[in-house]
Amino acid sequence: MGRSVQDSALSGVSRRTVLKAGAAAAAFVTVPVAAPSILRAQTPAVKIGILQPVTGALAHDGDLGRLGAEMAINEINAAGGIKALGGAKIEMVFGDARSTPEAGTQEVERMQAEGVCAIVGGFASPICLAASQAAARYDLPYLVDVGVSDQIMARGLTNTFRFSPGFGKVTQVALDNLTKINELAGKPAKTVVLVHEDGLFGSGLAKLLQAELPKRGFEILETIAHPTPARDMSNVALRIRSLNPDLVIPSNYYGEFVLLARTMQQQRIKPKGVYAVLGGAASNGRFVKEFPQAAQNVIDCNHWHDPKNPKALALRKAVEAQGKSFAYNVPLNYSNLLLLADAIERAGSADRKTIIEALNSSTFAGHIMPYGATKFVNGQNEGATPINTQIQGEDIKVIFPETFAESKANYPAA
């Protein structure tokens with residue numbers, strides 16, 4: 001019987017690291033987010049807006065993003081709050097983006113009225129694009145948690161920061177690693193079908209892949225777009241079957257990724273590899289748990305935590321102790337909240353312009369992502385990079401780069 005996803009995170013890690021992770025995990029689950037009624041009797045709270053889509057098509061991802069933010073707030077408050085502000089606690093002002101840019105913008109306006117000093121989140125690129133633009137009208141710092149469209153950072157908004165990589169960087173790393181994996185296996189893959197959601201994220205990524213894959217010696221047989229949400233992938237799967245590519249490269253959100261993988265399994269479509277780029281389910285424990293056969297051997301180039309970081313292991317353990325499946329949304333939002341708290345601490349103020357200045361000069365290293373040194377250039381963290389994971393048995397394992405790898409790639413798929 002295969003090991004659990006949690007067990008995989010512990011493989012290749014020293015016993016001391018595991019013990020540290022176990023001890024640290026308690027901190028994430030024992031301290032509730034402080035209630036405003038309690039905070040009023042103490043030093044005035046620092047209000048931070050948390051924007052996530054917890055209803056609608058993106059609700060699963062939004063719930064995980066909110067959880068990551070809450071766990072970071074718990075940790076910060078339990079450790080004494082913002083010490084430079086006399087131990088001020090962080091108060092979360094939550095907004096449901098309802099899976100649409102319009103709702104996200106409405107929530108930014110409400111948060112502005114409630115006096116938040118910054119906003120973290122958004123998840124989807126269209127929501128992040130609209131919400132950060134709305135926040136810019138008030139010089140309100142906006143930290144993008146996931147949104148990968150490079151349009152978000154190309155507008156020159158001085159209030160907008162992205163700690164994680166955009167799809168330009170992700171595509172470059174994804175293609176470099178795909179080339180290495182294919183070469184090590186004797187170059188079994190030569191042809192590709194791209195499948196992408198037809199929004200800002202998927203369409204932009206597909207355009208990059210169409211330009212870059214031929215340079216790496218891959219022939220693109222067809223590019224297939226689909227809407228979000230999508231209710232049926234039968235026609236997409238039939239088209240893939242007729243084209244018979246060596247590789248299928250999907251770029252979509254959780255529901256559509258799962259639907260495509262299950263439909264391909266049901267129709268017994270077995271390419272030499274499914275190589276996701278920012279796959280919505282490919283690095284998600286829920287997918288592995290609920291549809292293990294459809295998930296097998298899927299490779300993803302995506303956001304992921306450092307699997308050898310004790311704090312990352314502790315966070316994952318605490319999430320799974322709540323009966324939730326772990327995914328990248330949790331460590332990204334957790335790390336963004338710690339980044340923001342560090343900026344407020346160094347600024348010694350909850351003033352928005354002062355926080356923006358502190359973020360611009362940040363070298364924050366207290367996160368749990370597999371990144372290089374933090375350095376913001378025009379709002380983008382230049383140290384951010386994705387890594388490759390693969391679903392092997394009941395585990396999600398890191399396979400690239402070697403510095404963080406827990407296992408070798410199973411490719412071509414057996």
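This is a predicted model: local features need pLDDT of at least 70, side-chain atom pairs count only at pLDDT 80 or more; totals for chains, interfaces and linings use all residues.
**View 1. Length and end of helix 8.** Helix 8 covers residues 167–184. Gly186 follows helix 8 and has a positive phi, near 90 degrees.

**View 2. Buried residues of helix 8.** The buried residues of helix 8 include Phe167, Val170, Val173, Ala174, Leu175, Leu178 and Ile181. Thr171, Asn177, Thr179 and Asn182 are also buried. An α-helix has 3.6 residues a turn, so residues three or four places apart point the same way. The buried residues of helix 8 pack against helix 9 (200–212) and against several strands, among them strand 8 (247–251), strand 9 (273–277) and strand 10 (299–302). Strand 13 (387–392) and strand 14 (395–400) are also packed against them.

**View 3. The two faces of strand 9.** Five of the five residues of strand 9 are buried, so the rest of the structure largely encloses this strand. In a regular strand the side chains alternate between the two faces of the sheet. Gly273, Tyr275 and Val277 point one way from strand 9, while Val274 and Ala276 point the other way.

**View 4. Strand 9 and its partners.** Strand 8 and strand 9 run parallel and are joined by two bridges. Leu247 has Gly273 of strand 9 as its bridge partner. Between strand 8 and strand 9 the chain passes through helix 11 (residues 254–266), in a right-handed β-α-β crossover. Strand 9 and strand 10 also run parallel, with three bridges joining them. Here Tyr275 stands opposite Ile299 of strand 10.

How values were computed
Residues are numbered from 1 along each chain as its sequence is written. Side-chain values use heavy atoms; hydrogens and water are left out. Helices (H or I, at least four residues) and strands (E, at least two) are DSSP runs, numbered from the N terminus. The expected span of a helix is 1.5 Å times one less than its number of residues. Buried means under 20% relative accessible area, exposed over 50%, partly exposed in between (1.4 Å probe, protein chains only). Contact means heavy atoms within 4.5 Å. Two strands pair if DSSP finds at least two bridges between them. A crossover is right-handed if, with the strands pointing away from the viewer, the path from the first strand over the helix to the second runs clockwise.
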